[in-house]
Amino acid sequence: MKKKVIKILLSLFLFLIAILFKFDNLWITRVLFILSYLIVGLEILKKAFRNIFRGKVFDENFLMTIATIGAFFIEELPEAVAVMLFYQVGEFFQSLAVKKSRKSIATLMDIRPDYANLYIDGNLKKVNPDEVKINDIIVIKPGEKIPLDGIIIEGKTSLDTKALTGESMPRSVEEQDEVLSGSINLVGLIKLKVTKIFSESNVSKILNLVENASNKKSKSENFITKFAKFYTPIVVMSALLIAIGMPLITKESFKSSIYPALSFLVVSCPCALVISIPLSFFASLGGASKMGILIKGSNYIEELSKVDTIVFDKTGTLTKGVFAIQKIESVGISKEELLKYASYAENYSTHPIALALKATYNSKINESKIKNVQELPGFGVKAEIDKHQVLVGNVKLMEENKIKFKKSNDIGTILYIAVDGKYKGYILIADEIKEDAKVTIKKLKQNGIKKTIMLTGDRKNVSENISKDLMLDEVYSDLLPQDKVAKLEELINDKKDSNKVAFVGDGINDAPVLALADIGIAMGGLGADSAIEASDIVIMTDEPKKIVSAIKLSHKTMRVVKENIVFAILIKVVVLILAVLGISTMWEAVFADVGVSVLAIINALRSLKVNKEQKI
Amino acid sequence: MKSNFKIKGLDCANCALELERTIGKIKGVINVNINFMTERMELIYDENSKDEIISKVKKVAKKEEPDIEIEEI
């Protein structure tokens, strides 16, 4: 790299001397030009020479050599040197840009663990993660990467999952918690019982996904591949035609026709396109993974940019999939007291509703105060708490015990509570809507999504209520998994335009629907295997708002790709036409070649940048 | 059968594309994908003549791009 800079600078220095000082002796100028040319171009000449014997006539080095040597012959020395010099400058910038983007991709891949500390009979042995078996015990010290998936059997710590989820908040974990490979242990020493071998661990899956992502090529990339195949031969043939044909028509000397022909050779590489289009997609995949969005191929970026209908699953996607207290209405006592009675009564139950109560109550339960607990299936619970008779349950329980109460119209599961035969209020428990669900739907509408639909197996009143709250366009409830497939098929078939339908699910029982949709987006969470496999895009953080980010990114990427295609082809064609007309010189041709490449690369790298606006 | 390779020293995108095309023409190669950015090659081929195909691929690549190094991973 450094050597190249010195060569370029030295060559440029000699070139400038030759141009600025108009030496009387023509030979001094000539020698300076030739020296300048050789310093920077010898490497290219060598490569070109090597390539002729291998029959590679359309090789870039070879074409540059012909163009410059041709320029020497028609006594256009400054042009010859300039073409070579700027070609090398362009190549230099190009390799800088490639290096930079390769580096930022490498940081994405930086989650690969190098070793695992295997725990054998009280000793630690550093081994390759490949060698660790299921049920082996490994130790992870602060600052180390978690090499394999497992369950904590000793210690607690917080984990940096940024590389996996894009989430900068550390996650606290303790004994019995499952941890995923690829996260970084921040503070405490933990002992882990391995649950998956390395090749099936989370980190291997993600690496595999990122590394192979760009193998699925988009239509734009395939177009460029085809374009490149024909472009160079056509331009080179045209150069030949011009060199030989023009003098026959215009009756001018061959010398004047060689000049535009040489310009053709200079612009004959489709490099700007060949490098910048895949780079735009790659940068976009990289930018997405920085936000915790894994996209499985460039083709999905292209498809995603065409989505105008998004179908959501309800539970686990728009809602948290866990029950939580939504409302407490008390009569005659405080809300805290009502919650306390309910939590005490449900203390021994493991039902999700009981868990939701206890999670909100969050104080120590004095079990000596609870007596005579009676679970009444289909009704609720009866218990004696602190010498009070407490009833917690549904409408039937209240009616059965002849309690006078007011029926609530709220949607969800309602627990009525009576103490000593008197109604004291109710607690509404329901699946909670994710915090960002509402803003997601709103932002989707602002970003070109025409229709948002929810499919769910849940009851009608619950689903319609959520749908209204989130302002969804359509909702279909009481669906069995096979009904979801049928409904989505119907939605796809009903579409008349070429726009695409995306399905968003949590991947647990959505695999067929995820596969059926044009784009399947899974709430991958931390590690639902079926989700990662069945979908095209995985949202690692479970946040619906990431869909907005992904869609915005796809629009931006496609815009960059189109800009680059139009810009590169347009400039080249314009320069070619001007060259034929004798208006543009080889200088413009150099710009059309390397200048355009460099600009297109800089433009492509924009997709890697994730700005605040995209993060929402 | 599918194998992955690391390609070192690949410094021009168009060359990668041409190399991909040439390797794709080798008998027994079903599909080849060269990723210029990650410097990787994914090769899908007829497993009956694995060694023969891989050595042919390496030979062809060496001839096309003398400066690169190919290593199976």
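These legends walk through several close-ups of a predicted model.

**View 1. The hairpin of β1(A) and β2(A).** Strand β1 (residues 116-120) of chain A runs antiparallel to β2(A), and 5 bridges hold the pairing. Pick out Leu118(A) and you'll find its bridge partner, Lys125(A), in β2(A). The hairpin has 2 residues between the strands, and Asp121(A) takes a positive phi near 45°.

**View 2. Helix α7(A) against helix α9(A).** The axes of these two helices come within 10 Å and cross at roughly 170°. That crossing angle is over 145 degrees, so α7(A) and α9(A) count as roughly antiparallel to each other. On the α7(A) side, the residues doing the meeting are Ser220(A), Glu221(A), Ile224(A), Phe227(A) and Ala228(A); on the α9(A) side they are Leu273(A), Val274(A), Ile277(A), Pro278(A) and Phe281(A). Sorted by class, this contact has 8 nonpolar, 1 polar and 1 charged residues.

View 3. Leave aside the neighbours within four places in sequence, and Ser284(A) is in contact with Ile301(A), Leu553(A), Thr557(A) and Ser607(A). For a sense of scale, Lys404(A) sits 120 residues from Ser284(A) in sequence and 62 Å from it in space, C-alpha to C-alpha.

**View 4. Where chain A touches chain B.** Across this boundary, 19 residues of chain A are in contact with 12 residues of chain B. On the chain A side, the elements giving two or more residues are α4 (77-108), α7 (219-250) and α9 of chain A. The largest share, 6 residues, comes from α9(A). By class, the chain A side divides into 10 nonpolar, 5 polar and 4 charged residues.

**View 5. The open sheet of chain B.** Read across the sheet and its 4 strands come in the order β2-β3-β1-β4 (chain B), with antiparallel pairing. At the edges are β2 (29-35) and β4 (69-72) of chain B, each of which pairs on one side only. On average, neighbouring strands here are turned by 25° against each other, direction ignored. Inside the sheet, strand β1 (residues 2-8) of chain B and strand β3 (residues 40-45) of chain B run antiparallel and are joined by 5 bridges. Look for Lys6(B), which stands opposite Arg40(B) in β3(B).

**View 6. Strand β17(A) and its partners.** Back in chain A, strand β12 (residues 319-330) and strand β17 (residues 422-433) pair in the antiparallel sense over 8 bridges. Across that pairing, Ile325(A) stands opposite Ile429(A) in β17(A). Strand β16 (residues 413-419) of chain A also pairs with β17(A) in the antiparallel sense, over 7 bridges. Here Tyr416(A) has Tyr426(A) in β17(A) as its bridge partner. β16(A) and β17(A) form a hairpin with 2 residues between them, and Asp420(A) in the turn has a positive phi of about 50°.

How values were computed
Residues numbered from 1 in each chain as written. Chains lettered and ligands numbered in written order. Predicted model: local features only at pLDDT ≥ 70, side-chain atom pairs only at ≥ 80, totals over all residues. Contact = placed C-beta atoms within 7 Å. Pairing = 2+ DSSP bridges. Nonpolar A, V, L, I, M, F, W, Y, C, P; charged D, E, K, R; others polar. Axes fitted to C-alpha atoms, helices over the stretch in contact; angles between N-to-C directions. Parallel < 35°, antiparallel > 145°, perpendicular 65-115°, else oblique.
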